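Load the model, keep the selection tool at hand, and follow the stops in order.

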Amino acid sequence: MSTITRFAPSPTGLLHLGNIRTALINWLYARTNNGKFILRIDDTDLERSKEEFTSKIKYDLEWLGIDYDETFNQSSRFDVYKERFNQLVDIGRIYPCYETPEELDRKRKLQMAAGGKPVYDRSSLKLTEKQKTDFKSEGRKPHWRFLMNSERVQWDDILKDKVDIDLLSLSDPVVYREDGVPLYTFSSVVDDIDFNVTNVIRGDDHTSNTAVQIELINSLDQNKITFAHHALLTASSGDKLSKRDNVISIESFRDKHIEPLAILSLLATIGTSNSIELKDSLQQIINEFRIKTISTSPGRIEIDLLNSLNKKLIQKFDYNEIEDRLKKIDNRIDRNFWETTRGNLDIVEDIKGWGDIVFNSNPIEPVDKEFIKIALDLMPDEPWNDETWSNWTSKIKDKTGKKGKDLFLPLREAFTGMSHGPEMKKLIQLLGRDKILERVKI
RNA sequence: GGUCCCUUCGUCUAGCGGUUAGGAUAUCUGGUUUUCAUCCAGAAGAUCACGGGUUCGAAUCCCGUAGGGACCGCCA
């Protein structure tokens, strides 16, 4: 049977580094096993789910180059969930519950206060038929729980090895809400079965869900799913990654002009035993992927790593690859301009700043006018080449006696307005004699 | 309170009973570059969380302690 994995975000917020890492791992697992990768939109909670987020999720994945073979929304399968639900009812594994959310909340608090575990006490299971009909005639609608009947559940986890969970410390899951909406624990299982998902790879936060879900799967079908739970990433502060944490959303990185491959390189290496380095391509990431290299201990994301990977990536870009982008930033940027300035860019869009310096003629007033005047007097006629700068500066040096930093820095500042930047021997060729004369005010 | 998991250079990690505890990244130094970045070379950086046990021998196996994470919802 061929491998099928899935990524199942709920469209209630933006994708962040943590989510997309899970997506990437599932995608890589499918791709390296010649399998299929499904994008499932978990939108059963109609109030919280927003179409806007669904399209953003899809756009983020596309932007990163993570393609999927199939996609569907859970909201399109309500009738299937109902069927499966009835199947469970028939075998007596479903029971109606009439507690209100407030009641349940109070119960949990009481249990905690008494030093016990906040687990549902199954009191609705003990309801008599009369009590149930009374509730019904009062117009009270039940929510429905799945009756778990194993004490423990164990499985071989690809990443955590043998996992053995005590089901008695977990509540019977609610599978249908009072308003008739199926819940994740259930709908996810139904979909995983129906779509023949072979490997569920998700964060460690789902480990106890898995125990409950295996119980559920076994009552519907025979479990054929292999699970894997990876450690969660934490923010560099050590805090949990949150969906509300927009600073690490994929969208925010895109807005900041971080390159997809830099993000993917980071996510493919952080929290794994792979070297933290820039990958040449998505293909390289696929070739090098080994699920076992993923750590089971929670690791933190250092955003600085992403920035430096991005910078390294930019240095490798050939002009042809990004010509269109550069032209959009400033259509006067050509190959020579790119090759001269790229060493000084953190993000591609930074080149705009150098465009402003080279193409615009904002006047610059030098500090040492005397010195700059001498320099301008010695400025050679065009055409200029790579030798021009050193010939010119040695003449200035002979005339003024200045050397080293005292010689070069004032010239750089007078001609560019900046104290650092690309090599001057290249940069002056971009500027040209007229621009320099026009700009420098002495 | 319960359940599950984790703990090795600043950071991400290798390690599976005998290693000078390895790598990556960050840092520092030198070279290259007028400068910065890149690149090259090198250095420094870890009492393997702590305590005990098993063993000729423990980062590695066992127990305990501490710290961290996740979950315990009519969210996903």
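**Stop 1: helix α18**

Select residues 424-431, which form helix α18; its buried residues are M424, L427, I428, L430 and L431. Now turn the view until you look down the axis of α18: the buried residues fall within an arc of 155°, so they line one face of the helix. As a general point, an α-helix has 3.6 residues a turn, so residues three or four places apart point the same way.

What covers the buried residues of α18? Show α13, α14, α16 (388-400), α17 (404-416) and α19 (433-439), which are included in that cover. Then select G432, which follows α18 and has a positive phi, near 90°.

Bear in mind from here on that this is a predicted model.

**Stop 2: an aromatic pair in α13 and α14**

Two of the covering helices, α13 and α14, are included in the list above and hold the next selection. A search of the whole structure gives 12 aromatic pairs. One of them is F337 with F359, a stacked pair with 5.3 Å from centre to centre and 20° between the planes. Which parts of the chain does this pair tie together? F337 belongs to helix α13 (residues 335-341) and F359 to helix α14 (residues 351-359), so the pair links parts that are 22 residues apart in sequence. Both F337 and F359 are buried.

**Stop 3: an aromatic cluster**

Select W384, W389, W392, F408 and F415 together and show their side chains. These residues form one aromatic cluster.

**Stop 4**

Move to helix α6, residues 184-194, and pick F186. Is F186 buried or exposed? With a relative accessibility of 0%, F186 counts as buried. Leaving out residues up to four places away in sequence, F186 touches Y81, R84, F85, L88, V175, Y176, L216 and L220. For a distance across the model, select I158 as well: F186 and I158 are 28 residues apart in sequence, and their C-alpha atoms are 23 Å apart in space.

Y176, one of the residues that F186 touches, also takes part in another arrangement. Select K82 with Y176: the charged end of K82 sits over the ring of Y176, 4.8 Å from its centre. There is another case to look at in R145 and Y120, where the charged end of R145 sits over the ring of Y120, 3.8 Å from its centre.

Return to helix α6 and select S188, which lies in this helix. S188 counts as buried, its relative accessibility being 0%. Beyond residues up to four places away in sequence, S188 touches R6, R40, Q74 and Q213.

**Stop 5: T210 in helix α7**

Select residues 207-220, helix α7, and find T210 in it. T210 has 0% relative accessibility and counts as buried. Which residues is T210 in contact with, leaving aside its neighbours within four places in sequence? They are W155, R202, F227 and H229.

**Stop 6: two loop residues with positive phi**

Select N196, found in the loop between α6 and β9 (199-203). N196 is not a glycine, yet its phi is positive, about 55°. N196 counts as partly exposed, at 43% relative accessibility.

Next select N34, in the loop between α1 (17-32) and β2 (36-41). The phi of N34 is near 60°, a positive value in a residue other than glycine. N34 is exposed, with a relative accessible area of 71%.

**Stop 7: the whole chain**

Clear the selection and zoom out to chain A. Its secondary structure comes to 19 helices and 12 strands. The radius of gyration of chain A is 31 Å, well over the 22 Å that the globule rule gives for 442 residues, so the chain is more spread out than a compact globule. Along its principal axes, the C-alpha trace of chain A spans about 105 × 45 × 40 Å.

How much of chain A is buried? Buried residues make up 48% of its 442 residues. Of the contacts in chain A between residues at least 6 apart in sequence, 75% join residues at least 24 apart. To end, show the surface: chain A exposes about 21900 Å², and carbon and sulfur atoms supply 48% of that area.

Terms used:
Residues numbered from 1 in each chain as written. Chains lettered and ligands numbered in written order. Predicted model: local features only at pLDDT ≥ 70, side-chain atom pairs only at ≥ 80, totals over all residues. Heavy atoms only, no water. Helix = DSSP H or I, 4+ residues; strand = E, 2+ residues; numbered from the N terminus. Buried < 20%, exposed > 50% of the residue type's maximum accessible area, 1.4 Å probe, protein only. Contact = heavy atoms within 4.5 Å. Phe/Tyr/Trp six-rings, centres within 6.5 Å; stacked < 30°, edge-to-face > 60°. Lys NZ or Arg CZ within 6 Å of the ring centre and 35° of its normal. Rg over C-alpha atoms; globule rule 2.2 N^0.38 Å. Areas by Shrake-Rupley, 256 points an atom, 1.4 Å probe, with all protein chains shown as cover. Arc of directions from axis to C-beta.
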